[in-house]
Amino acid sequence: SWECQGRNSFYEPYFFSTQRRIASLRAPNDGNKPIQTHPDRFIQPGMSQIFLERLDDYDALIVDLWGVIHDGSALYPGVADTLALLHKMHKPVLFLSNAPRVAAKAKGNLDRLGIPPAHYLDIVTSGQVAYDMLSREAAPRRYYYLGPGKDEDILDGLELFTAVDDPGMADFILCTGYEQDG
């Protein structure tokens, strides 16, 4: 049986009780076309049969979001069907992203794209990990934000943190990406 025991600490975000392996799907880094996740074209041409044959060897999947599930604005072909199939097969999916956003913002994007929350176990983002780590700070801190406007809200809700306009006045720099990023 599969059970997510939840976040216990910053260093041990998830514990999974399982006797089998967890598959991890990431976008290719070699410039190839994005992963097509239709059941008969699961990862890339020539690999679908191998993946489907091995799927029974895994209890769960850890799947990247951008470049695997969507391109930032639309799902890749077959993704919704594949997630529905994995749900029907009782294969939990944990989404993992290096997006500088809290998990709730990533969930909002998945909702907008039509992915039912029942088709995935949880979402872990680098932004959420940073937020959780910084939420443990006990003293007020000033930060200089460097990145696109769409991610400036990453520390919203953390009352001890104040954005400053002068990097020289900051206790740290919060860099979420390039200014002109998407």
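Predicted model: local features only at pLDDT ≥ 70, side-chain atom pairs only at ≥ 80, totals over all residues.
Colleague: What share of the 182 residues in the protein chain is buried?

Modeller: A residue counts as buried when its relative accessible area is under 20%. In the protein chain, which has 182 residues, the buried ones make up 36%. As for contacts between residues at least 6 apart in sequence, 68% of them join residues at least 24 apart.

Colleague: Which residues of the largest nonpolar core touch the most other members?

Modeller: A core is read by asking which of its residues have the most partners within it, and then which elements supply them. The largest nonpolar core has 18 residues, and those touching the most other members are Ile69, Leu83, Phe95, Leu110 and Ile123. Two or more residues of this core come from each of β4 (58–64), α2 (79–88), β5 and α3. Another core, of 10 residues, lies apart from it and includes Tyr145, Ile154, Leu155 and Leu174.

Colleague: With which residues is isoleucine 69 in contact, leaving aside its neighbours within four places in sequence?

Modeller: With those neighbours set aside, isoleucine 69 is in contact with Val63, Asp64, Ala74, Leu75, Tyr76, Val79, Leu83, Phe95 and Leu110. Histidine 70, in the loop between β4 and α2, counts as buried at 6% relative accessibility. Apart from residues up to four places away in sequence, histidine 70 touches Leu65, Leu75, Tyr76, Asn109, Leu110 and Leu113.

Colleague: How should I read a helix such as α2, and which of its residues are buried?

Modeller: The general idea is that an α-helix has 3.6 residues a turn, so residues three or four places apart point the same way. In α2 the buried residues are Val79, Thr82, Leu83 and Leu86. They lie on the same side of α2, because the arc they cover around the axis is only 95°. These buried residues of α2 pack against β4 and β5. Just after α2 comes histidine 90, which takes a positive phi of about 60°.

Colleague: Where is the place of serine 97, and what does its side chain meet?

Modeller: Serine 97 is in strand β5 and counts as buried at 10% relative accessibility. A polar atom of its side chain lies 3.0 Å from the backbone nitrogen of alanine 99. Leaving out residues up to four places away in sequence, serine 97 touches Asp64, Leu65, Val124, Thr125 and Ser126.

Colleague: How many salt bridges are there, and which parts of the chain does the pair of aspartate 151 and arginine 101 link?

Modeller: The rule asks for a side-chain nitrogen of Lys or Arg within 4 Å of a carboxyl oxygen of Asp or Glu, and the count by this rule comes to five salt bridges. In one of them, aspartate 151 pairs with arginine 101, with the closest N and O atoms 2.9 Å apart. This pair links distant parts of the chain, since aspartate 151 is in the loop between β7 (141–146) and β8 (161–163) and arginine 101 is in the loop between β5 (93–97) and α3 (103–112), 50 residues apart. Aspartate 151 counts as buried, at 0% relative accessibility.

Colleague: Are the residues of the bridge between aspartate 153 and lysine 105 buried or partly exposed?

Modeller: Aspartate 153 and lysine 105 meet through their side chains in a salt bridge of 3.0 Å, N to O. Here too distant parts of the chain are linked, aspartate 153 being in the loop between β7 and β8 and lysine 105 in helix α3, 48 residues apart. Aspartate 153 is partly exposed, with a relative accessible area of 34%, and lysine 105 is partly exposed as well, at 30%.

Definitions and conventions: Residues numbered from 1 in each chain as written. Heavy atoms only, no water. Helix = DSSP H or I, 4+ residues; strand = E, 2+ residues; numbered from the N terminus. Buried < 20%, exposed > 50% of the residue type's maximum accessible area, 1.4 Å probe, protein only. Contact = heavy atoms within 4.5 Å. Polar contact = N/O pair within 3.5 Å; in protein donor to acceptor, adjacent residues only side chain to side chain. Core = buried A, V, L, I, M, F, W, Y, C linked by side-chain atoms within 4.5 Å. Arc of directions from axis to C-beta.
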